[in-house]
Number of protein chains: 2
Amino acid sequence: MAKFVTLRDVAEKAGTTVGTVSYVLNDRKGRYISQELRAKVLAAAEELHYIKCNGASSLKGMDRKLIGILIPQYENQFFTRICVAAEEVFASYGYDLIICDTFDNPEREKSIIHRLLSQRVDGLIVTPSLKGSENTRIVRDVGLNMVVVDRPLEGFNDYYWVSADNYGCGYVGGENLRKHGHRSLIYVGWDSGISELSERERGFRDACKDCEVFTYNAEFSPKACYEVTMKAVKEHPEATAVLFGFNVQAQGGVNVFRDLGMKIGEDISVSLIGSPEWSYTGNNNFTHVHMGDYEIGKKAAGILFDLIRGNDVPSKRVIQECTLVEGASVGNIGGGIE
Amino acid sequence: MAKFVTLRDVAEKAGTTVGTVSYVLNDRKGRYISQELRAKVLAAAEELHYIKCNGASSLKGMDRKLIGILIPQYENQFFTRICVAAEEVFASYGYDLIICDTFDNPEREKSIIHRLLSQRVDGLIVTPSLKGSENTRIVRDVGLNMVVVDRPLEGFNDYYWVSADNYGCGYVGGENLRKHGHRSLIYVGWDSGISELSERERGFRDACKDCEVFTYNAEFSPKACYEVTMKAVKEHPEATAVLFGFNVQAQGGVNVFRDLGMKIGEDISVSLIGSPEWSYTGNNNFTHVHMGDYEIGKKAAGILFDLIRGNDVPSKRVIQECTLVEGASVGNIGGGIE
DNA sequence: CGGATATATGCAAACGTTTGCATATATAGG
DNA sequence: CCTATATATGCAAACGTTTGCATATATCCG
């Protein structure tokens, strides 16, 4: 249905041939072209609204100008922020992003990867689905550039991997609660089966070695976390602080206290790993550990772009530093801040 | 760098020619092929892990198997839900989605559209950026199928458009507050300059004709809305209920009451247009008007697919019905529910 | 048995690009 | 004036597909 202008059309209008037009439009060197003809070609292209066909030029070995990105959940802002960052990097070079949601389903992931290969994308940014590492083998087999994000690629080694400092996030989160005098703590995490993500809990425990720590796990949803948190709080009324290991979980969890009539920052201290942009509350924001979502996306995209361009990539493993952001949701116990 | 298997490779291995392989792999009719040869071809393709190149086949007029989708904000779940729905529709037919964030910036939108045309996408789903309707003219000029979502395409007529029932959302939201006995109301909206979105306020006012209504507008962010809401509540302590016109805005706005120590559902009644999945709170969820985000995406994608396939599309304009979802954030005034 | 028809396969053009090679003129140096 | 060299342009092959056309054998019906 749609009809596009081709190089031939432009050439005809400019009174020359396709080859010359291609050289002009791509501003290639290695060929002399008179100012006069160049101007005529540019004018013709402009006038006819010529739009190059990437599909055709990629046949001749040019870049497809397409990047695939696999995430496990569109609606998780940690991942959308990574997408935003990647888009910024690549759009500036004229690349488009195909963002695909695997829904953490390996079957779906497999077919997505197959489709993306069919598109002959120039590279892939992948957060592997929960049990889907094997799905990426084909990517390596065809020699396509890939950067892994967030979770590791179980069963593989020697791949490019950018992630948060999961251990550090847990440590920083715990350390802060400890500093404020808390000694009886609840950690609500996600039982993902991904060892890297459990590092958050390990970091938390390491930071709070001399504390009483109660660990709970919930399915990955606000609702599940709400329920588990409710249980945790009822089972351990002696706890004075709670750390939520995952941003999305906290969206449910934090409401437990409000529903129980407990004032956050006074009756209970609350902190979380991730950035709670789902709840802007003036000067009373949540104390949280910022993971550097945007930077992770920026760095992953940067590495992928370097790989595509054939540039040198210094390190295969990048761990994004985390930052504590203090809000008003953590109060002092006993003598206050150490 | 990446090396892909071609039809020629498969043909060679199967001891036949590319033409035949193409027929077999696409399961085309109009040509006889012996069971024997067919089996050999399929085996060869399987063994070599042949993956078709969409770019090449689209040169011959086949579908590009690519759909572009433009939204103004990745991180707005209204739009990600539309993307999820569209992806489900198209993935089942083997199409990929290129999701692009215009950030509501017309310049950016223009270059995105240009890039997508370069990709020779088979169709476009577009939420026009704030002042960017003209950017889509080229789409119409080349005859590419397009479905508009959410906002209208100012200055055009005769296009396919799926949106929420903005007037209805406002009406239903207001009507519900009125039913619960509220007669002094605050509406916090977004001063977008898009008349269609102002329909929410009009619906609200129409439903509350006999009430005192205070309207406030804020920039489109939780923070801006927090501040405006704070001002509104202080200026009108007599108001007993608040309706937030936009989900994202409410993410900031609702915290005003908590920060002021007002109990939602008792000291103040709160409702919003959109689905507050950013705050799961057991049995105390927010009363809200569900816009049917997912359905909007589903329907838009369905129409686009029909257009691509050349199927009949009954109506150019689809308005998604809204639904009131009652939570616990609206209390009764006076005699209670009418 | 002869011609129509069904079965089975190969060949080559075309899609819209990119680029190496050939060609043609102008300019300069000896 | 003759040959290099710089300037300017055209031609055609190739990329990986799809598909119309040609070819060749087997089968069937009168």
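**Helix packing, sheets and the chain contact**

Q: Which word describes how α6(A) and α5(B) stand to each other?
A: This is a predicted model. The axes of helix α6 (residues 106-118) of chain A and helix α5 (residues 77-91) of chain B cross at roughly 75 degrees and come within 13 Å. An angle of 65 to 115 degrees counts as roughly perpendicular. α6(A) and α5(B) are therefore roughly perpendicular.

Q: How many charged residues are in the contact of α6(A) with α5(B)?
A: α6(A) brings Arg108(A), Ile112(A) and Arg115(A). α5(B) brings Glu87(B), Glu88(B) and Ala91(B). By class, two residues of this contact are nonpolar and none is polar, and the number of charged ones is four.

Q: How many residues does chain B give to the contact?
A: Both chains take part in the contact. Chain A contributes 65 residues, and the number from chain B is 65.

Q: Which three residues supply 13% of the area that chain A buries against chain B?
A: The two chains bury about 5700 Å² between them. Of that area, 52% is on carbon and sulfur atoms. On the chain A side, three residues supply more than any other three: Glu75(A), Arg120(A) and Tyr280(A).

Q: Which residues of α3(A) meet α1(A)?
A: α1(A) passes α3(A) in a right-handed crossing. From α1(A) come Asp9(A), Val10(A), Lys13(A) and Ala14(A). The contact of α1(A) with α3(A) divides into seven nonpolar, no polar and four charged residues. From α3(A) come Leu37(A), Lys40(A), Val41(A), Ala44(A), Ala45(A), Glu47(A) and Leu48(A).

Q: Which strands stand at the edges of the open sheet of chain A, each with a single partner strand?
A: This open sheet has six strands with mixed pairing, in the order β7-β6-β8-β9-β10-β12. Each edge strand has a single partner, so one of its sides is left without a neighbour in the sheet. The strands in question are β7 (212-218) and β12 (323-325) of chain A.

Q: Which residue of β7(A) is the bridge partner of Leu185(A)?
A: Strand β6 (residues 184-190) of chain A runs parallel to β7(A). Seven bridges join the two strands. Across from Leu185(A), the partner in β7(A) is Val213(A).

Q: Which are the edge strands of the chain B sheet that has six strands?
A: This open sheet of chain B is parallel, in the order β2-β1-β3-β4-β5-β11. The twist averages 15 degrees from one strand to the next. Pairing on one side only are β2 (96-101) and β11 (317-320) of chain B.

Q: Which residue of β11(B) is the bridge partner of Trp161(B)?
A: Strand β5 (residues 160-164) of chain B pairs with β11(B) in the parallel sense. Four bridges join them. In β11(B), the partner of Trp161(B) is Arg317(B).

Q: What angle does the direction of helix α6 of chain B make with that of β2(B)?
A: Helix α6 (residues 106-118) of chain B packs on the sheet. This helix touches β1 (66-71), β2 and β3 (123-126) of chain B. The angle with β2(B) is about 160 degrees.

Terms used
Residues are numbered from 1 along each chain as its sequence is written. Chains are lettered from A and ligands numbered from 1 in the order in which they are written. This is a predicted model: local features need pLDDT of at least 70, side-chain atom pairs count only at pLDDT 80 or more; totals for chains, interfaces and linings use all residues. Side-chain values use heavy atoms; hydrogens and water are left out. Two strands pair if DSSP finds at least two bridges between them. Contact means heavy atoms within 4.5 Å. Buried area is the accessible area (1.4 Å probe) that two parts lose on being put together, summed over both. A crossing is left-handed if the near helix is turned anticlockwise from the far one by less than a right angle, and right-handed if clockwise. Ala, Val, Leu, Ile, Met, Phe, Trp, Tyr, Cys and Pro count as nonpolar, Asp, Glu, Lys and Arg as charged, and the others, Gly among them, as polar. Axes are lines fitted to C-alpha atoms, for helices over the stretch in contact, and angles run from 0 to 180 degrees between N-to-C directions. Angles under 35 degrees count as roughly parallel, over 145 as roughly antiparallel, 65 to 115 as roughly perpendicular and the rest as oblique.
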